[in-house]
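Please read the following briefing alongside the sequence and the coordinates.

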Amino acid sequence: MTKKSVEPRITLTEGSIRVHWGPRTVTILPLASPANTEDPPDFIVDLDSILNWDAPHDEIEIEVEELQKIVQAIEEEFDTLGLVVEFD
């Protein structure tokens, strides 16, 4: 029997993105929009800041494959809501 892969779930708050994946969560805070940007995105994600899961799983590093799935889930959630996200 093949074990079904659990996909990350995204929750948007006023000031962050929360990614829930099984028992783990990571909170992503936005980067500031560049000054004088005509049409800034709704959220800018600093990929270099997504290193570990939140406590109590903060000793566990987020693997590259997990990060790729997180980015895809964020993009899909923002598309669904009609919002713009950029990754830096």
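Which pattern of helix and strands does the chain follow when read along the sequence? The pattern is β-β-β-β-α-β, and the chain has one helix and five strands, where helices (H or I, at least four residues) and strands (E, at least two) are DSSP runs numbered from the N terminus. This is a predicted model, in which local features need pLDDT of at least 70, side-chain atom pairs count only at pLDDT 80 or more, and totals for chains, interfaces and linings use all residues. Residues are numbered from 1 along each chain as its sequence is written, and side-chain values use heavy atoms, with hydrogens and water left out.

**Overall dimensions and burial**

- Taken along the principal axes, the C-alpha atoms of the chain fill a box of roughly 55 × 25 × 20 Å.
- Buried residues (under 20% relative accessible area, with exposed being over 50% and partly exposed in between, for a 1.4 Å probe and protein chains only) make up 31% of the 88 residues in the chain.
- Among contacts (heavy atoms within 4.5 Å) between residues at least 6 apart in sequence, 47% join residues at least 24 apart.

**The sheet and the helix**

- An open sheet of three strands has the order 1-2-3 with antiparallel pairing, two strands being paired if DSSP finds at least two bridges between them.
- Strand 1 (9-12) and strand 3 are the edge strands of this sheet, each pairing on one side only.
- Neighbouring strands of the sheet are turned by 20° against each other on average, direction ignored; axes are lines fitted to C-alpha atoms, for helices over the stretch in contact, and angles run from 0 to 180 degrees between N-to-C directions.
- Strand 2 and strand 3 pair in the antiparallel sense over five bridges, and histidine 20 has threonine 25 in strand 3 as its bridge partner, while valine 19 stands opposite valine 26 in strand 3.
- Helix 1 packs on the sheet, touching strand 1, strand 2 and strand 3, and its direction makes about 125° with that of strand 2.
- The hairpin of strand 2 and strand 3 has two residues between the strands, and glycine 22 takes a positive phi near 60° there.

- Leaving aside neighbours within four places in sequence, the contacts of isoleucine 17 include Ile10, Val26, Phe43, Ile74 and Phe78.

- The rings of tryptophan 21 and tryptophan 53 have their centres 6.3 Å apart and their planes at 75°, so the pair is edge-to-face; rings of Phe, Tyr and Trp (its six-membered ring) pair if their centres lie within 6.5 Å, and planes under 30 degrees apart count as stacked, over 60 as edge-to-face and the rest as tilted.
- Tryptophan 21 and tryptophan 53 are both buried.
- Valine 85, in strand 5 (residues 85-87), is buried with a relative accessible area of 17%, and its C-alpha atom is separated by 6.9 Å from that of glutamate 75, ten residues apart along the chain.
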